[in-house]
Amino acid sequence: MRRLFLCAIPLALFSSYAAAVKVEVLQTKLDHPWSLAFLPDNRGILITLKSGQLRLWQPDKGLSDPLTGVPKVWANGQGGLLDVALAPDFAQSRRVWLSFAEVDSEGKAGTAVGYGRLSDDLKHLQAFQTVFRQQPKLSTGNHFGGRMVFDGHGYLFIGLGENNQRATAQDLDKLQGKVVRLTDEGKTPPDNPFVNQAGARAEIWSYGIRNPQGMAMNPWSDALWLNEHGPRGGDEINIPARGKNYGWPIATWGINYSGLKIPEAKGQIVAGTEQPIFYWEKSPAVSGMAFYHSDTFPQWRQKLFIGALKDKEVIVLSVKGNAVTEDGRILQDRGQRIRDVRVGPDGYLYVLTDESDGELLKVSP
């Protein structure tokens, strides 16, 4: 299903490019979609649905039936089928990576990651194997994270929430509130920062993260960028570097939902922790993020697009080095939670709305 919309945006917000965006609705009736990935050669877009379905959207065929071979997921609270990513060698291996929530016999859940082979007819995920599990399992339905990013150098980064167990983000013997780094086979690289440290998980790359919801490689610096939910205020953009501590919950720009201070917080700036490169005093509830590095629309070059769940719009930021400024927002008149934002091979912006009647949108200036 395709529909076209023009969304008027106040020109004052966007002095560098047009005051409207064109929106084409490619698909409706998606039940809480979470992520998307583009198959090569314009063969379609893989879409995860939180309930546990992996579907394929194709321009000439629309939405497929659910692919078989997807692992069983724990679809409760914020858990379910989460991110999807193609292996860097997809043309040869046909590996599709998935992150998802799984539960143990005691009813506690955590994030897991694995891969399967996409069949030639695009209908099955074959021989799926889980290669990573968040340990211990602590979630009762909150803060799974789940974003995955391949860095182009043979490594996979995974953002993991702290399962709403704040203190665990500082515990190096747990995988809550961490960014982990694996090989593209799902193994632990020998040069990870805590490989030889007693009492620390070797998979950890960086820590002190609350609930990461967007990750992407910055194409201009070749560095990993991450956004994460704060509590009440304090949503952040960070550049998670090797072995660094990003503060949660001892350093935060947010407060508790009750309006009181976070109990563990020692301040906003705390020695031994890294400051975000950008934060919001009022939380938009950030989600998927995408750098614009295409020649299709020059007015979008050097822009960073970040979805907002609570604010129900896409935030547009300008990037200069590691400095970020917010330009304004688009899609705010649609009144839909934004879950994922990606730049397609064609240079258009593709957006998933997180609703029971979610949509796949194709956006251009």
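Which residue of β24 is the bridge partner of V343? The bridge partner of V343 in β24 is L349. The structure is a predicted model, in which local features need pLDDT of at least 70 and side-chain atom pairs count only at pLDDT 80 or more, whereas totals for chains, interfaces and linings use all residues. Residues are numbered from 1 along each chain as its sequence is written, and side-chain values use heavy atoms, with hydrogens and water left out.

The bridge between V343 and L349 belongs to the antiparallel pairing of strand β23 (residues 338-343) with β24, which runs over five bridges. Strands here are DSSP runs of E with at least two residues, helices are runs of H or I with at least four, and both are numbered from the N terminus; two strands pair if DSSP finds at least two bridges between them. β23 and β24 form a hairpin with five residues between them, and G347 in the turn has a positive phi of about 85°.

Strand β24 (residues 349-353) is largely enclosed by the rest of the structure, because five of its five residues are buried. Buried denotes under 20% relative accessible area, exposed over 50%, and partly exposed the range in between, with a 1.4 Å probe and protein chains only. Both faces of β24 are covered: L349, V351 and T353 are buried on one side, and Y350 and L352 on the other.

A pocket is an open set of points on a 1 Å grid over the protein atoms alone, with protein on both sides within 12 Å along at least five of seven lines; a cavity is a set where a 1.4 Å probe fits but cannot get out; lining residues have an atom within 4 Å of a point. The largest pocket holds about 850 Å³ of space, and its lining divides into 23 nonpolar, five polar and four charged residues. Elements that each supply at least two residues of this lining include β3 (33-38), α1 (90-93), β11 and β23.

The second largest pocket has a volume of about 440 Å³. Its 26 lining residues include Q78, N211, H229, A285 and L309, which lie nearest its centre, and the lining comprises seven nonpolar, 11 polar and eight charged residues. H229 is also among the residues that line the largest cavity, together with R210, E228 and W248. That cavity contains about 50 Å³ of space.

β11 also takes part in an open sheet of four strands, ordered β11-β12-β13-β14 with antiparallel pairing. β11 and β14 (204-207) stand at the edges, each with a single partner strand, so one side of each is left without a neighbour in the sheet. Within the sheet, β12 (residues 155-160) and β13 (residues 178-183) pair over six bridges in the antiparallel sense, and G159 stands opposite V179 in β13.

The loop between β10 (125-133) and β11 (145-150) contains Q135. Q135 is partly exposed, with a relative accessible area of 30%. Not counting residues up to four places away in sequence, Q135 touches K174, L175, Q176 and R201, where contact means heavy atoms within 4.5 Å.

Definitions and conventions:
Grid points are joined across faces, edges and corners, and a volume is the space filled by probe spheres set on the points. Ala, Val, Leu, Ile, Met, Phe, Trp, Tyr, Cys and Pro count as nonpolar, Asp, Glu, Lys and Arg as charged, and the others, Gly among them, as polar.
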